[in-house]
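Below are my notes on the model you sent. They are set out as numbered points, to be read alongside the sequence and the coordinates.

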Amino acid sequence: MFSYCADPTTLEGLSWLSCYLTTGKHMGLYWAFGTVLILLAITAPAALMFGFGGAMAARSRILPIRWFGKSYIAVVRGVPDIAFFLFFVIALDQGFEWMRHQYLCPDWDQPIRQGNDFVVCQAAKLPQGDAPQWVHEVYGFFTAVLTFAIVFGAFAANVLYGAMNAVPKAQVETAQAYGMTAAQTFRRVTVPQMWVYALPGLSNLWMVLIKATPLLFLLGVEDIVYWARELGGTKTPRFTDYPHGDWRLWYFLALLVFYLAFTKLSEFVLERVMKRLTHGQATLGGSQ
């Protein structure tokens, strides 16, 4: 912060606004934008991996694996996102602590479930109570990424499952006629050609993922919506050097511009990718 910001009461106009927008809390807002972008950058490929695994499991010839894949797709897609985020994160956190408890405290003689309380030994808690703040933040971000990946992975699995089945049967049969094994046919024919069928659905899923990032607040992550609400609320001289009225409208308007610009950029990139994938691509209707 610049030296002339030391006494905000003497500032006016643009000088006051420039100092106001460079306070520590506003730096938290700016970092939150980075948090959202990092979440998307990590979650998108992670969800795609979950989706690919779920689609392959749903197509498996082994009945238990096929049931597992189809159950994963059906159950996760059927639960409202907000309910899944509220429940799954607690269950995931307790699952991690339970596994650590079994390994680190084998001599524990008390029940883990004590009424509504989940009690494990101190060494098994995640994160540790004396851990630095950044450890708590990284752990919260990790659980957020994993939860997002599992939820959107189920939707991606459904898209990829349909895309795999949409690859023309004639091409699969031709590959088999040339002596390719089932694994070779899948790797060399089905996977390369399924993307043209999957991309429209994956594009929509990417847009939904962008719009779902405000759910981060449910996972204890201070996201841009949290900071917009915190900074935009009425501030009085008693609690801040930069008092102002209710400015939430302006903060949420800035978020609106950010999300619209980001989705527009995404549409442009995805359109270019779609054109590249479909160039010369053979489909049921012939070559494009």
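**Notes on the predicted model**

1. Valine 145 has a relative accessibility of 11%, so this residue counts as buried. The model is a predicted one, and the values in these notes are to be read as computed from it. Valine 145 belongs to helix α5. Leaving aside residues up to four places away in sequence, valine 145 touches Leu39, Ile42 and Thr43. Threonine 22 is 123 residues from valine 145 along the chain, and their C-alpha atoms are separated by 29 Å.

2. What is the order of the elements from the N terminus on? The protein runs α-α-α-α-β-β-α-α-α-α-α-β-β, which comes to nine helices and four strands. For 288 residues the globule rule gives 19 Å, whereas the radius of gyration is 25 Å, well over that value, so the protein is more spread out than a compact globule. The C-alpha trace spans about 80 × 60 × 30 Å along its principal axes.

3. Of the 288 residues in the protein, 38% are buried. The exposed surface comes to about 17200 Å², and 65% of it is supplied by carbon and sulfur atoms. Where contacts between residues at least 6 apart in sequence are concerned, 67% join residues at least 24 apart.

4. On charge, the protein carries 21 positive and 18 negative side chains. The centres of these two sets lie 17 Å apart.

5. The structure holds one disulfide. Its partners are cysteine 105 and cysteine 121, with an S to S distance of 1.9 Å. Which parts of the chain does this pair tie together? Cysteine 105 sits in the loop between α4 (81-104) and β1 (113-114), and cysteine 121 in the loop between β2 (117-118) and α5 (133-166), so the bond ties together parts that are 16 residues apart in sequence. The torsion about the S-S bond is about 80°, so the disulfide is right-handed. Both cysteine 105 and cysteine 121 are buried.

6. The loop between β2 and α5 also contains proline 127. The peptide bond from leucine 126 to proline 127 is cis, with omega near -20°. As background, most peptide bonds are trans.

7. Is tyrosine 242 buried or exposed? Its relative accessibility is 6%, and the cut-off for a buried residue is under 20%, so tyrosine 242 counts as buried. Tyrosine 242 is placed in the loop between α8 (224-232) and α9 (248-278). Between tyrosine 242 and alanine 55 there are 53 Å in space, C-alpha to C-alpha, for a separation of 187 residues in sequence.

8. Alanine 74 is part of helix α3, which covers residues 63-78. With a relative accessible area of 46%, alanine 74 is partly exposed; that class runs between the 20% and 50% cut-offs. Alanine 74 and asparagine 158 are 84 residues apart in sequence, and their C-alpha atoms are 8.8 Å apart in space.

Definitions and conventions. Residues are numbered from 1 along each chain as its sequence is written. This is a predicted model: local features need pLDDT of at least 70, side-chain atom pairs count only at pLDDT 80 or more; totals for chains, interfaces and linings use all residues. Side-chain values use heavy atoms; hydrogens and water are left out. Helices (H or I, at least four residues) and strands (E, at least two) are DSSP runs, numbered from the N terminus. The radius of gyration is taken over C-alpha atoms; the globule rule is 2.2 Å times the number of residues to the power 0.38. Buried means under 20% relative accessible area, exposed over 50%, partly exposed in between (1.4 Å probe, protein chains only). Contact means heavy atoms within 4.5 Å. Accessible areas come from the Shrake-Rupley method with a 1.4 Å probe; for residues, only the protein chains shown count as cover. Lys and Arg count as positive and Asp and Glu as negative; His and the chain ends are not counted. The place of a charge is taken as NZ of Lys, CZ of Arg, CG of Asp or CD of Glu. A disulfide is a pair of cysteine sulfur atoms within 2.5 Å.
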